[in-house]
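Thanks for coming. I will take one structure this morning and go through parts of it in turn.

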Amino acid sequence: MSGPAGGTLPPFETLVAEHGGTVLRVCRGLVGVDDADDIWQETFLAALRVYPTTAGVLNREAWLVTIARNKAIDHHRKLQRLPLPVDSSTAAEVRVDDGDARLGGGDGVVRSVIAGEAAAQVWAALSQLPPTQREAVVYHHLAGLRYAAVADLLGNSEAAARRAASDGMKILRSLLSPLERTDENG
């Protein structure tokens, strides 16, 4: 495969090895733990289909995160079209299984997500953030993207992306402070 300046593209397996963890964290942050593996797979299948034509892509990590974001959006759209499950004991009351209830993000929060510690609480806390803040936290703190790349993904300025991530982290810290105190006490 030819790449920039007549070079060759690295094997696709190298791309997966280098960026697979980041993409999985983004998928978990955007769709939750239960569906993240499927979205991760869809992301890399889509990337593999066009990989030979990506010689001009300068930031492959941001490129993969963009694909993951689009796959997550498709996933949420699909969920909106599915019929809602009804609790048979109270047929008049509809219960929705919120796939976003297990999301997560940020510094001490990132360590918890990566280690899988108290994941349910972390995912639940992230799901409470407004969408722009949640995405900014996921892209910057979990995926490690620079604020310029986050701004491109969010369609806003770098300053707005920085502010959204900061505000999101502030809320996450307040939501997870009881969790951190529990970890410190044992």
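**Helix α6 and what follows**

Let me start with helix α6, residues 131–142: at 1.5 Å a residue its 12 residues should span 16 Å, and the end C-alpha atoms are 15 Å apart, which agrees. The expected span here is 1.5 Å times one less than the number of residues. Helices are DSSP runs of H or I with at least four residues, strands are E runs of at least two, and both are numbered from the N terminus.

Before going on, this is a predicted model, where local features need pLDDT of at least 70 and side-chain atom pairs count only at pLDDT 80 or more, while totals for chains, interfaces and linings use all residues. Residues are numbered from 1 along each chain as its sequence is written, and side-chain values use heavy atoms, with hydrogens and water left out.

Which residues of α6 are buried? They are Gln133, Arg134, Glu135, Ala136, Val137, Val138, Tyr139 and Leu142. Buried means under 20% relative accessible area, exposed means over 50%, and partly exposed is in between, with a 1.4 Å probe and protein chains only. Just after α6, Gly144 has a positive phi of about 80 degrees.

Now the whole chain. How many helices and strands does the protein chain have? There are 8 helices and 0 strands. Buried residues account for 39% of the 186 residues. Of the contacts between residues at least 6 apart in sequence, 62% join residues at least 24 apart, where contact means heavy atoms within 4.5 Å.

The axes of α1 (residues 12–31) and α2 (residues 33–50) come within 8 Å and cross at roughly 140 degrees. Residues in this contact include Phe12, Leu15 and Val16 of α1 and Ile39, Trp40 and Phe44 of α2. Axes are lines fitted to C-alpha atoms, for helices over the stretch in contact, and angles run from 0 to 180 degrees between N-to-C directions.

Last, Glu42, which sits in helix α2. Glu42 is partly exposed, with a relative accessible area of 36%. Its C-alpha atom is separated by 7.0 Å from that of Lys71, 29 residues apart along the chain.
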